[in-house]
Amino acid sequence: MKFNALRPRRLRRTPAIRSMVRETVLTPADFVYPIFVVPGTNVKEEIPSMPNCYHLSVDNAVKVAEEIYELGIPAVEVFGLPEYKDEIGSSAWDMTSPVQRAMKAIKEAVPDLVIVGDVCLCQYTSHGHCGCLTGHEVDNDKTLPLLQKVAVSQAESGADIIAPSDMMDGRIGAIREALDAEGFQNTIIMSYAVKYASGFYGPFRDAADSAPHFGDRRGYQMDPANAREALKEVHLDLEEGADIIMVKPALSYLDIVSKVREEIDRPVAVYNVSGEYAMVKAAAANGWIDEKRIVLEELTSMKRAGADIIITYHAIDAVKWMKEEAGK
């Protein structure tokens, strides 16, 4: 049998050759590691639906921040459980809340670590929705001033990047205006521009105690069936001043990531969300998959699709595995 002169297998023959011609390469600098801070001291409690992820008091959050910086991970995203909740989520901008205290403590301990602040109200409201209510509806325009307060409080606490995840219309412009008015012109906005109403958020809602007490979030988060709408959201947020665009979740939406990457010249982030993480952990615990191989393959697929930034609970393990591979 006569073969074509071009044999693609030549470039797959050995690990060294595969490494030389590899198109997509993961590095620690690609990752942001999310943490959950809670009231108290010396708290480190594993989140049942998210193995190897923890509720951390501020002192232990600082220790984790130091660890990830030493590993070469450049950024941490801070989520938190407040000491109190109310109808408008006022603890979200309380400077004594765990999130603001953690940001200050982390910035003091690790000044060069980038701190991302999640701006939303669901963890802080007594009803569990992402904004102020009028009756049983989230009131978009009444929510915007509250999001401005959250963003400014986080910037004052040391956040380098503000990441609004609420999906209110007009929030990017409102937050940019508020940050600039308070002298935070250099604070970056990473917009959860394309955030789908996904079933993959379940473990996070356990971790952050943020499940809605009635209804759901389909009235403000995106329909998973829509792709063209994603590009509309992206362009609206860029026009309002977003510096980085995020797609969330990651794995079921890599087609969207690719479309966004082709459409814009700004950095693109993805969020490898809690349900995606928990499925891998559960399958690995049952011996059904090779966790290391699956995780690195998934993360590579996100970068290959066009992500510049990957927010992932796998970050610490992934970097350790990458270093092990490099040392062989």
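Biologist: Why is cysteine 130 called buried?

Modeller: Buried means under 20% relative accessible area, exposed means over 50%, and partly exposed is in between, using a 1.4 Å probe and protein chains only. Cysteine 130 comes out at 0%, so it counts as buried. Bear in mind that this is a predicted model, where local features need pLDDT of at least 70, side-chain atom pairs count only at pLDDT 80 or more, and totals for chains, interfaces and linings use all residues. Residues are numbered from 1 along each chain as its sequence is written, and side-chain values use heavy atoms, with hydrogens and water left out.

Biologist: And what makes cysteine 120 buried?

Modeller: Cysteine 120 has a relative accessible area of 0%, so that one is buried too.

Biologist: What about glycine 80: buried or exposed?

Modeller: Buried, because its relative accessible area is 2%. You'll find glycine 80 in strand E4, residues 75-80. Strands (E, at least two residues) and helices (H or I, at least four) are DSSP runs, numbered from the N terminus.

Biologist: What does glycine 80 touch, leaving out residues up to four places away in sequence?

Modeller: Val37, Val99, Gln123 and Tyr124. Contact here means heavy atoms within 4.5 Å. As for methionine 279, it is 199 residues from glycine 80 in sequence and 23 Å away in space, C-alpha to C-alpha.

Biologist: What makes a set of residues a nonpolar core?

Modeller: They are buried Ala, Val, Leu, Ile, Met, Phe, Trp, Tyr and Cys residues, joined through side-chain atoms within 4.5 Å. The largest one here has 87 residues, and Val194 is among those with the most contacts inside it. Beyond its neighbours within four places in sequence, valine 194 contacts residues including Met222, Val234 and Ile256. Another core, of 25 residues, lies apart from the largest one and includes Ile47 and Tyr192.

Biologist: How do you tell a cavity from a pocket?

Modeller: On a 1 Å grid over the protein atoms alone, a cavity is a set of points where a 1.4 Å probe fits but cannot get out, while a pocket is an open set with protein on both sides within 12 Å along at least five of seven lines. Lining residues have an atom within 4 Å of a point. The search finds one cavity of 30 Å³ or more, and the largest cavity has a volume of about 110 Å³. Strand E9 (188-195) and helix H6 (202-208) are the elements giving two or more residues to its lining.

Biologist: Which residues lie nearest the centre of the largest pocket?

Modeller: Arg18, Ser19, Arg22, Thr24 and Thr300, out of 22 lining residues. The largest pocket has a volume of about 1,100 Å³, and H10 gives the largest share of its lining, six residues.

Biologist: And what is the volume of the second largest pocket?

Modeller: About 330 Å³. It is lined by 19 residues, with Tyr33, Asn52, Tyr54, Glu67 and Ile316 closest to its centre.

Note on methods:
Grid points are joined across faces, edges and corners, and a volume is the space filled by probe spheres set on the points.
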